[in-house]
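Me: I want to go through this structure term by term. For each label, show me the value and the cut-off behind it.

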Amino acid sequence: MFHKSKIGFAIFLSFFTVLFNLSAFSQHETKVEEAEETFNPGEMIMEHVGDAYVWHIMTIGEHHIEIPLPVILYSKYSGFHVFMSSKFHHGYESYEGFKIAAGKENPLKGKIVETIEGKELRPYDISITKNTLSLFISIFFILWIFISTAKSYEKRKGKAPKGLQSFIEPLIIFIRDDVAKASIGEKKYMEYLPYLLTVFFFIFFNNLFGLIPIFPGGANLTGNIAVTMVLAAFTFVITTFSGNKAYWVHIFNTPGVPWWLKFPVPLMPLVEFMGIFIKPFVLMVRLFANILAGHIVALGFFSLIFIFGAAYGAAAGYGSSVLTVAFTVFLYMLELLVAFIQAYVFTLLSALYFGMATEEHH
Amino acid sequence: MGLVTPDFGLVFWMTVSFLLVLYILKKYAWKPILKSLKEREKSIEDALKSAELAKDEMARLKSDNEKIMQEARAEREKLLREAREVKEKIISDAKSEAKTEADKIIGSAKAQIESEKLTALNQIKEQVVSLSIDIAEKIMKDSLDSEKKQKEYADKLLRDIDLN
């Protein structure tokens, strides 16, 4: 099994090496005026934390080294389109009527748009973007890690954990005993445990992946609102569908509240009803904002080197780098902690909501 | 604005992938892992429980041993005491028997002595009587060899009879 996974990993790596080489040969000379453009930290940071149709790895001199990614579009006007993002030539050219929207004030900036009768319209866009690819890569690692761990449980039946098992087992037991069992209760926690474990490790691993500065890490996946929205939506759907009678009674006829808060103006029911949606919304925003902020601050510290360098000469840039690197290292330590805490908080709150939904009425 | 607007494509891929991950992990990772964790916990718990039982058993055996030892000691003491009693009884019995025997022997000896004494006394008496008779005869023969003396004596005897 170990060898098999090794081979699988080798195939996986070689696949990306091929992609990488393709892109390396398709480098384009950038225009001279862009290379001389002054460093804009805001733009750089936004580019790093945002999504893109290419995976930019580095720029050496005037050469961009990046992985072009597949673009998948469906337009009401021209149907399905599948092509590599390298067809856009770094956004300077349009292809099959599509282009990457530009312009400082454009709300669709950086997205693929179709120009129909002079208007820029957004097609249905399920392109494999940087974040999507990063999602696939992290999923590959997650599946690989946990399935091989499960195998070693079967192989080493009844023995003490070893290797990867020893790292994962305390976390699993932590989620099982201190999160699921504590919040949902002895009777029903097993139903929700697979979801809670998946969510926990998914967020935790992607948080850590986001902290790896080079490919295949570095994408800001858990700091992307689409990802946190889907996760929060799962928690919302599971909570809503497992809500028992006591849960709905608690929402629409909250016990222990004076009657005039429910009638004639149903103030409490309204608040409670809004709570159903606010809870997952807060889950979504908390994870998104925490991870995004971490990325922005880390990049901000790095940008300081270039800001000082641009403002007071190269020496100032080199000098300040000592301090900024120290700060960034500190921030990384903090982010490692945050990576765990945010995964834990998301899982714990989800478990609490499930617990509330399934709590028996006393 | 770009950062807080969820992108349709990513939402789509995220939903699909997450559902897949959830399904695959549930089936191929969490199920076997949680199962073997539970089994291991159970086996540890069982082992602890049986260790506890063994400990109890040991304690029980130990206390049993103690009890048996105590009983044996009591038994020994009892036996010793009984033996001592038996010994004393035998001794005292023997003593009393010897005493009665001795008493009996002494008694019979005494009786025999008494009877022997009586016999001897009787014999002596007879001897004395015959001797006395002999002596009296001889005296009589001496003193009554004359007619007159015989007469006088006969008279005296007659007088004595009257007085009686």
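Reply: Start with helices: a helix here is a DSSP run of H or I with at least four residues, numbered from the N terminus. The model is predicted. Chain A has 10 helices and 8 strands. One of those helices, α5 of chain A, holds both A:Lys181 and A:Asp177. They sit 4 residues apart, about one turn of the helix.

Me: What makes A:Lys181 and A:Asp177 a salt bridge?

Reply: The closest N and O atoms of A:Lys181 and A:Asp177 are 3.6 Å apart. The cut-off is 4 Å, from a side-chain nitrogen of Lys or Arg to a carboxyl oxygen of Asp or Glu, so a Lys–Asp pair at that distance qualifies.

Me: Why are A:Lys181 and A:Asp177 called partly exposed?

Reply: Buried ends under 20% relative accessible area and exposed begins over 50%. A:Lys181 has 26%, so it counts as partly exposed. A:Asp177 has 27%, so it falls in the partly exposed class too.

Me: How do you know that A:Glu186 forms a salt bridge with A:Lys181?

Reply: The closest N and O atoms of A:Glu186 and A:Lys181 are 4.0 Å apart. The criterion is within 4 Å. The pair is counted as a salt bridge.

Me: Which residues make up the network of salt bridges?

Reply: A:Arg176, A:Asp177, A:Lys181, A:Glu186 and B:Glu41 are linked in it. Over all chains, the structure holds 16 salt bridges.

Me: What makes the pair A:Lys111 and B:Asp7 one that joins two chains?

Reply: Look at where each residue lies. A:Lys111 is in the loop between β5 (98-100) and β6 (112-116) of chain A, and B:Asp7 is in the segment before α1 of chain B, so the pair joins two chains. Their closest N and O atoms are 3.5 Å apart. B:Asp7 also meets the side chain of A:Arg122 in a salt bridge, at 3.1 Å from N to O.

Me: Is B:Asp7 buried or exposed?

Reply: B:Asp7 has 11% relative accessibility, so it counts as buried. A:Lys111 is at 22%, so it counts as partly exposed.

Me: Which residues touch the most other members of the largest nonpolar core?

Reply: The core has 78 residues, and the ones with the most such neighbours include A:Phe146, A:Ile172, A:Phe202, A:Leu231 and B:Trp30. The largest share of the core, 14 residues, comes from α6(A). Leaving out residues up to four places away in sequence, A:Leu231 touches partners in both chains, among them A:Tyr195, A:Phe346, B:Met14 and B:Phe18. There is also a second, separate core of 7 residues, including A:Val71 and A:Phe83.

Me: Why is A:Thr129 called buried?

Reply: A:Thr129 has a relative accessible area of 5%, and buried means under 20%, so the label holds. This residue is in the loop between β8 and α4 of chain A.

Me: What makes the pair A:Thr129 and A:Asp51 a polar contact?

Reply: Their side chains are joined at 2.9 Å. The cut-off is 3.5 Å between N or O atoms, with one able to donate a hydrogen and the other to accept it. A:Thr129 has a second polar contact of 2.9 Å, with the side chain of A:Thr132. A:Thr129 also touches A:Ala52, A:Tyr53 and A:Leu69.

How values were computed. Residues numbered from 1 in each chain as written. Chains lettered and ligands numbered in written order. Predicted model: local features only at pLDDT ≥ 70, side-chain atom pairs only at ≥ 80, totals over all residues. Heavy atoms only, no water. Core = buried A, V, L, I, M, F, W, Y, C linked by side-chain atoms within 4.5 Å. Buried < 20%, exposed > 50% of the residue type's maximum accessible area, 1.4 Å probe, protein only. Contact = heavy atoms within 4.5 Å.
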